[in-house]
Amino acid sequence: MVYSSSSIVYSLLFFSLLFTVTRAQLSSNFYSSSCPKALSTIQSAVKSAVDKEKRMGASLLRLHFHDCFVNGCDASILLDDTSSFTGEKTANANANSVRGFDVIDTIKSQVEAVCAGVVSCADILAVAARDAVVALGGQTWTVQLGRRDSTTASLSTANSDIPAPTFDLSALISSFSNKGLSTKEMVTLSGAHSIGQARCTSFRTRIYNETNIDSSFATSLKSNCPSNGGDNNLSPLDTTSATAFDNGYYKNLVAKKGLLHSDQQLHNGGSTDSQVSGYSSNSATFLSDFASAMVKMGNISPLTGSSGQIRTNCRKTN
């Protein structure tokens, strides 16, 4: 059989693309040979941190969210500022708010002790998020692994791409759609607010000015969030079960007790009301959907193969 030069070129291109796609896929058993103790080491450290402080579970989950929404799940959120770039820690959504960096440092040092230079900070964030949810009563899921770490960060992208607590429903839908996530997945992933707390500055406008809020709920929040001052005072995102990963968040939305403006937008006479109502009466469906949505979110633009690096210290490049 005779092959033309053009067919040979096309064949080479095809196999090159096939190799790239294969190489770029994440895998559940990525560390089974190179670092078999990786997952158990992370799980143990997360459980210890959450046992010490329940709120840390939400903080670790949030780190993964805020990482993935800025140029993909690449651990860029963990990088400190350098002379060549300003990191993401001072972005509007992160400053004086995102936390848990010390816990990630501890996990990384423990993982490095069992297999140095093998497990990425990005994968640690993904696994820690899963283990944090499980530690607070949520459903487990199989984390896909093989991400590598970025060598830079983007303050501007963090400021533009992370959904804000002031967003209306259309802005929330667009923000998640831009990351390849559906409206249904947006509502599901918002259930992360089943745990954690928010600062007064994030919900002050809602409790003093909005009408789609239970009046007694609004009044109860005002003592801890005055109209002036107290910006950093905290209130639970789910007042009924703040440290349990359950469907209480959705029950609150149906009762007009969403803490953030963006929360209540999910049940405010719009297209997502029925999904919220469904989750409010069926915890199992929410937990199952959340697990699936987290797998998809964790696959946003990962660095794989020879891209990026495996950082020795999650706060800085090698």
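Which residues have the most contacts inside the largest nonpolar core? In this predicted model, local features need pLDDT of at least 70 and side-chain atom pairs count only at pLDDT 80 or more, while totals for chains, interfaces and linings use all residues. Residues are numbered from 1 along each chain as its sequence is written, and side-chain values use heavy atoms, with hydrogens and water left out.

The residues in question are Leu61, Ile104, Ile107 and Phe290, within a core of 72 residues. A nonpolar core is a set of buried Ala, Val, Leu, Ile, Met, Phe, Trp, Tyr and Cys residues joined through side-chain atoms within 4.5 Å; buried means under 20% relative accessible area (1.4 Å probe, protein chains only). Helix α5 (residues 121-135) gives the most to this core, with ten residues; helices are DSSP runs of H or I with at least four residues, and strands are runs of E with at least two, numbered from the N terminus. A second, separate core has twelve residues, including Cys200 and Phe203.

Leu61 touches Phe245, Phe290 and Met294, among others, not counting residues up to four places away in sequence.

The largest pocket is lined by 42 residues, of which Arg62, His66, Pro163, Pro165 and His193 lie nearest its centre. A pocket is an open set of points on a 1 Å grid over the protein atoms alone, where a 1.4 Å probe fits, with protein on both sides within 12 Å along at least five of seven lines; lining residues have an atom within 4 Å of a point. To this lining α3 gives the most, with seven residues.

Definitions and conventions:
Buried means under 20% relative accessible area, exposed over 50%, partly exposed in between (1.4 Å probe, protein chains only). Contact means heavy atoms within 4.5 Å.
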